[in-house]
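I opened the model and went through it element by element. My notes follow.

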Amino acid sequence: MEFNYRYSGSTEARSNGNRTDMSFAPDTLREPTYFGGELAQAVPFREAISALHAVVVSDLRFKPRDTTAYKAWREARDMEDLAELTAGKQDLAKQMEAVGRRLAEARRAKAAALAPFYKARNRYFDYLYKKDYDKWFVLDPVITVHPDELFFECFSQDEATYGRLSCDYGVFKNINDFACGTTNIDYSANLYREFQKIRTYKTTRFDIDPGGFEVTTGLDEGFKEVKIDLPDSWVRGFLQVSSAMTLPMVRLHLTPMDIHNLCFVLRRKREKQGPRSIRFQLKPGEPIRALIEPWNDTLVFARSEFRGREETEIRLWGRRRLLILERLIPIARGFTFCLAGTGMPSFMVADLGGMSFTLGMSGWTSNDWSRAGNFDLMAPRAEVDQDTKLRVFKALRKDWQNTADAVAKSEGLARETVLGALSAYTQAGSVMFDLAKDVFRARELSREPLPMDKLRFANPREAEARALVDGGGVTLHEKRLDPDGNLHLSATVKEGKRTYQTQLRINSDQALKEGSCQCNFFTQNKLYRGPCVHLLATRLRFSLEQGGIS
């Protein structure tokens, strides 16, 4: 998927003994978005933006060793061993020796022919790493200016970690005029190094330059045209993050010292075998306990009490990504862990005073957001017509951020309808959910509408579920609301010659909380890769009936 950007110059950072000026070059092809102000909380901002940079460069994918030289040696040694075994057969040994010499000559000729290529390739990558480090990154960060805050968003190289840094306007002083919107900024590794020079005794000026929007011609030499061929998986992963944020979650409130102890254990020990998970053992009214495998070290967070109503245990994998939070420990007031369940996405929200930092992690490191998660299928699925969707989006866009209840009240719509419309826009990259403030925000991920057919957000399972419902293969048995407002559904789903019994629990926000089915897909994956066809069909059948709840 190709993205086109047009920057008015490049992002610049100028520094001297008592002042640092940072001017970000926005994408002038998008709506005018700009901001200007001086940092009032210099050191906390420096640490938070550094943690965001750690997300950008994060790549924890397994990197196997280069065994090319060993394999070549082993192959040559195998020829010698075979020759020794057949030493009694003189003729065969002579033939093998001749073949071995020719093979060795061929390998030397191949190595000599490819040597200039390998040397040139290594020099090129060394040059990129040392001189043009920016080309190692896929996409410039996304920055959004809202009436109450501005925030940065980014995605890791392995597509398994998401970062978001939001700054209230109390973080700045002497703020100039600003224009709300979303844009990409020209970001460079040099800019990160300038961030490290921020000090309390130096005035730091922060600008998203509005000057580039004043020129409309592309012939100006100051403009820089950039085309990035972005993998579909990157964009789809970003959208899946937005959908995962709307899932029902268990929230754990931890102190900075709790995070320090957790990171200390991970730094002090290196696992050589699995399991490599953290088991959060949660009992209502008791301190949160974390069992770190495979050593079975137990951390008791004495000042952090679990406030839930049910005893449970949640396992978290890909735990070394938590080390990104280390730089935030000295400046954080507290951390909130939002856990969707075992093997499900998790979000860590750091309260930094006037700022908040959100770290989103997929179920485990190798389970990137784009390939294994279909969390959009678990989000609110109410049927909403296009006019109503547009009406809801305009209401949200008017204030740029709001709760679903407030939008429903202002527009005179049912809460379920508003949630369904906002969910659709979330899956299209136009809306995101702010876990720190529990509000929806208007945020256009790209200048032009994303090609949803190419991104396959209309999941094939949805089409199969619709076919089952249209074919009369779904029979509902139970439609019940419990005292907590959760909807319980049970049904019989017939697919071909097989029949499956399904059960669902949908919370008051219309998000799928629990489910069960006897099919092979659910048995292998539970809800880690989204609901199966039969659970979707059950939910769709109920949506079409819309009534008769006991």
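**Entry 1**

I started at strand β18 (residues 346–351), which six bridges join to strand β19 (residues 355–361); the two run antiparallel. Helices (H or I, at least four residues) and strands (E, at least two) are DSSP runs, numbered from the N terminus. Two strands pair if DSSP finds at least two bridges between them. Ala350 stands opposite Phe357 in β19.

The model is predicted: local features need pLDDT of at least 70, side-chain atom pairs count only at pLDDT 80 or more, and totals for chains, interfaces and linings use all residues. Residues are numbered from 1 along each chain as its sequence is written, and side-chain values use heavy atoms, with hydrogens and water left out.

I then traced the whole sheet. It is open, has eight strands in the order β9-β5-β6-β7-β19-β18-β17-β12, and its pairing is antiparallel. β9 (181–184) and β12 stand at the edges with a single partner strand each, so one side of each has no neighbour in the sheet. The twist averages 15° from one strand to the next. Axes here are lines fitted to C-alpha atoms, for helices over the stretch in contact, and angles run from 0 to 180 degrees between N-to-C directions.

Next I looked for helices on this sheet. Helix α1 (residues 42–56) lies across β6 (149–155), β7 (161–168) and β19, at about 160° to β7. Helix α6 (residues 256–268) packs on the sheet and touches β12 and β17 (334–339), its direction making about 65° with that of β17. Contact means heavy atoms within 4.5 Å.

**Entry 2: two hairpins**

Four bridges join β13 (residues 278–282) to β14 (residues 287–292), antiparallel. Phe280 stands opposite Ala290 in β14. The β13–β14 hairpin has four residues between its strands, and Gly285 in the turn has a positive phi of about 80°.

Six bridges join β14 to β15 (residues 297–305), again antiparallel. Ile292 has Asp297 in β15 as its bridge partner. Four residues separate β14 and β15 in their hairpin, where Asn296 in the turn has a positive phi of about 60°.

**Entry 3: helix α14 and its cover**

Is α14 buried or exposed? I found 10 of its 13 residues buried, so the helix is largely enclosed by the rest of the structure. Buried means under 20% relative accessible area, exposed over 50%, partly exposed in between (1.4 Å probe, protein chains only). Among the buried ones are Val533, Leu536, Arg539 and Phe542. The cover includes α12 (460–470), α13 (520–525) and the strands β23 (474–481), β24 (487–495), β25 (498–506) and β26 (512–516).

Those strands form an open antiparallel sheet in the order β23-β24-β25-β26. β23 and β26 are its edge strands, each pairing on one side only. Seven bridges join β23 to β24. Leu481 stands opposite Leu487 in β24.

**Entry 4: whole-protein totals**

I counted 14 helices and 26 strands. Buried residues make up 50% of the 550 residues. Of the contacts with a separation of 6 or more, 70% join residues 24 or more positions apart.
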